[in-house]
Amino acid sequence: QNQSIQLEVLNSNGNRYIFYPGNGDSIISNASSVTYRYTAPGRYIPSVKVFAGNCTILLPGTDTVFIDRIIAGFRYSINQTCGSTTMSFTDTSSVFLGRAQISWRFGDGSTASTPTVNKTFLQAGTYRVVMRITGISGCEDSAVQVIDVPVQQVPSIAIQGDSTACIGQPFMLQAVSNTVGNIQYNWNFGNNQQATGSTASTRYFTAGTATIRLIGRTDFGCADTVYKTIRINPTPVVVASNDAKICLGQSTTLQVRGANSYTWSPQQSLSCNDCSSTVASPTQTTAYVVTGNNTFGCSNTDTVLVTVVQPFQISVSPNDTICFPQNESAQLFATGAKRYVWSPAVGLNASNIPNPIARPASTTAYTVIGYDDDNCFTDTAFVTVAVGYLPTLELGTGSLVVAGTAVTLNPIITN
């Protein structure tokens, strides 16, 4: 179609011609040949009318002119599965005189030659698909489509973690994958426990072996499953000494049993940090943590709290004064200790309380000794209660005088 052909009368002595291409058109020419372009496909038998003087001859054509038209085209559909995508390509070309050959190129080096092709892609990407069709006339046309082909990859996952676990201890595992995109993980630890997520933790309470299963699944539903077998070893039962209390400056022996090797922490103030028996001399209350390990590499801990009793200072009430014999008293008090002993006990309502009431008959210096609950330290303080007596005033004997007369008084004060 749209190609020019030449119509020619051979061995003619005519001087005018009317060419009929066979499609209803006519071309008047003084030449014995003309060039004509068919605009529609079809099968045409051309003829020509030859004029020579007063003679007219109609020459019917003996050859058929075949005009072909090819419009290449194709459609496709996509079917995704895990690991591959199958695309179905179908020829939709318009070929007037009929097809002779079809060729496909899929942009990955593969080809095909049938009207319908199922092509499987293993890698996602952008592919330039070309279909070329050749008609029986020898005419050709091509159709090209650039297609984004998705491929849902099957995830490749693995389990990272130790191959041994200890009874009762947390056992951590990590899921890893080299697959791009979101992956959902489901764990089965082989101990009737399950979990989700890329990291997981469990505990085992029976020695032996366990098989861990991990399933990784993409959002599309593609999945991979891996397994890991681990051994569960016994955990040592670490038993340390009872908690202890010492006075500042003293020491205490810490002991532990139940494992093969030990490490104490903190190491300061210990005579040995990796012994089953060590001497602790802390200057302040300290919690010692001992870690015991067995031959399987499993460990456990215990803690000993060593309380250090510190020296203290007591505070007492200030010195005081009372008057005699008006039954006055002084409130004494002491703070800073756990228990107290006042001496002398004379004049006190109690000598073993922090706040006795003092009513001494004479000035008295009281001593108070403070004690802690652990008989480690004491402290001593002093309070003086001064006792004063009321004075006696004597003005002498009275006398009678005349009003307005000056009288001299001579008072006598005692005490």
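Trainee: Let's start with Cys222: buried or exposed?
Mentor: Cys222 is buried, at a relative accessible area of 0%. Buried here means under 20% relative accessible area, exposed means over 50%, and partly exposed is in between, using a 1.4 Å probe and protein chains only.
Trainee: Before I go on, what kind of model is this?
Mentor: This is a predicted model, where local features need pLDDT of at least 70 and side-chain atom pairs count only at pLDDT 80 or more, while totals for chains, interfaces and linings use all residues. Residues are numbered from 1 along each chain as its sequence is written, and side-chain values use heavy atoms, with hydrogens and water left out.
Trainee: OK, which cysteine does Cys222 form a disulfide with?
Mentor: Cys82, with the two sulfur atoms 2.2 Å apart. A disulfide is a pair of cysteine sulfur atoms within 2.5 Å.
Trainee: And where do Cys82 and Cys222 lie?
Mentor: Cys82 is in the loop between β10 (74-81) and β11 (84-91), and Cys222 is in the loop between β24 (208-218) and β25 (223-233), so the pair ties together parts 140 residues apart in sequence. Strands are DSSP runs of E, at least two residues, numbered from the N terminus.
Trainee: How accessible is Cys82?
Mentor: Cys82 counts as partly exposed, at 38% relative accessibility.
Trainee: Left-handed or right-handed, that disulfide of Cys82 and Cys222?
Mentor: Left-handed, because the torsion about the S-S bond is about -100°.
Trainee: Switching topic, how many disulfides are there?
Mentor: The count comes to four disulfides. If you number the bonded cysteines of the protein chain in sequence order, the pairing reads 1-3, 2-7, 4-8, 5-6.
Trainee: What about Cys166 and Cys298, how far apart are their sulfur atoms?
Mentor: They form a disulfide with the sulfur atoms 2.0 Å apart. Cys166 lies in strand β19 (residues 164-166) and Cys298 in the loop between β31 (286-293) and β32 (299-309), so this pair ties together parts 132 residues apart in sequence. Both Cys166 and Cys298 are buried.
Trainee: Why is the Cys166 and Cys298 disulfide called left-handed?
Mentor: Because the torsion about its S-S bond is about -90°.
Trainee: And Cys272 with Cys275, which hand is that disulfide?
Mentor: Right-handed, because the S-S torsion is about 70°. The sulfur atoms of Cys272 and Cys275 are 1.9 Å apart.
Trainee: Are those two buried or partly exposed?
Mentor: Cys272 counts as buried at 16% relative accessibility, whereas Cys275 is partly exposed with a relative accessible area of 26%.

How values were computed: Helix = DSSP H or I, 4+ residues; strand = E, 2+ residues; numbered from the N terminus.
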